[in-house]
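Hi,

Here is the structure I promised to pass on. Have a look at it first, and then read my notes on its salt bridges below.

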Amino acid sequence: MTATLEQRLDAFRRLDDVKLTFARRDWFPGTSGNLSIKIQDEPLQFAVTASGKDKTKLSPEDYLVVDGDSRPVDATSLKPSAETLIHAVVYQKFPQAGACFHVHTVWNNLISELYFGQRAFSIQGQELIKGLGIWEENARITVPIVENFADIPTLAAAIEKVITPEIPGVLIRNHGIYAWGGNDFEAKRHLEAFEFLFEYHARWLQLRQAVVSTTTN
Ligand SMILES: CSC[C@@H](O)[C@@H](O)C(=O)COP(=O)(O)O
Ligand SMILES: [Zn+2]
């Protein structure tokens with residue numbers, strides 16, 4: 001069975017909302033980033049951003065519906081995001097995921113570079129960890145980092161290997177982050193929590209360095 005027109009329009013409207021919110025934060029520099037919302041599980045179909053569009057704008061050609069093989073469900077001249085396969089991997093590995101968002105920000109790139117040579121970024125004791133749905137006292141999270149393979153099937157396979165149900169996101173070194181959740185609201189909350197933690201940590205390292213140099217000079 002294929003997604004109904006109503007289901008598609010609902011997914012497109014939700015993607016519009018998320019896209020404009022992220023665009024206001026400058027989270028789509030140079031047409032980067034891609035977004036998807038799952039429409040149905042069996043067979044998998046999801047709405048995804050078309051490739052190479054200016055994601056700060058709305059147009060009737062912003063989204064299309066694809067299947068689990070990243071192929072458009074309908075005849076269309078639109079090309080799905082070049083990274084659609086990564087969204088498909090997330091939905092296939094985590095059937096509970098209902099939305100998946102990808103952004104390139106300075107903070108997520110800096111964190112992946114600061115931990116160059118390491119396969120994860122870890123942080124503990126920050127209130128915003130609760131934004132990821134993790135409520136233990138003094139919780140520590142470890143966000144996996146994969147290398148930025150240019151070949152998307154290789155990149156998607158590397159992501160598939162490291163993602164876990166406990167942490168709803170993965171960093172791609174010097175590229176960006178993918179974050180997901182049960183629906184668009186939750187995926188957005190997760191992405192915002194990750195971005196807060198990345199910015200906080202990068203700024204904290206910077207300030208600590210400044211304090212150390214003033215006290216040792
Ligand atoms: C223009 S830089 C970004 C792209 O190479 C890619 O990483 C990206 O996020 C957007 O690709 P897209 O095909 O528009 O979904
Ligand atoms: Zn990207």
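**Notes on the salt bridges**

Arg14 counts as partly exposed, at 35% relative accessibility. Keep in mind as you read that this is a predicted model.

Let's stay with Arg14 for a moment. Its salt-bridge partner is Asp10, and the closest N and O atoms of the two are 3.0 Å apart. Both residues sit in helix α1, four residues apart, which is about one turn of the helix. Asp10 is also partly exposed, because its relative accessible area of 32% falls between the 20% and 50% cut-offs.

What does Arg8 pair with in a salt bridge? Its side chain meets that of Asp74, at 2.5 Å from N to O. This pair links distant parts of the chain, with Arg8 in helix α1 (residues 5-24) and Asp74 in the loop between β3 (63-67) and α2 (84-93), 66 residues apart. Arg8 is buried, with a relative accessible area of 12%, whereas Asp74 is partly exposed at 38%.

Another salt bridge joins the side chains of Glu192 and Arg25, at 2.7 Å from N to O. Here too, distant parts of the chain are linked: Glu192 belongs to helix α5 (residues 184-216), Arg25 to the loop between α1 and β1 (34-40), and 167 residues separate them. Glu192 counts as partly exposed at 25% relative accessibility, and Arg25 counts as partly exposed at 32%.

These pairs are among the twelve salt bridges that the structure holds.

Happy exploring!

How values were computed
Residues numbered from 1 in each chain as written. Chains lettered and ligands numbered in written order. Predicted model: local features only at pLDDT ≥ 70, side-chain atom pairs only at ≥ 80, totals over all residues. Heavy atoms only, no water. Salt bridge = Lys/Arg side-chain N within 4 Å of Asp/Glu carboxyl O. Helix = DSSP H or I, 4+ residues; strand = E, 2+ residues; numbered from the N terminus. Buried < 20%, exposed > 50% of the residue type's maximum accessible area, 1.4 Å probe, protein only.
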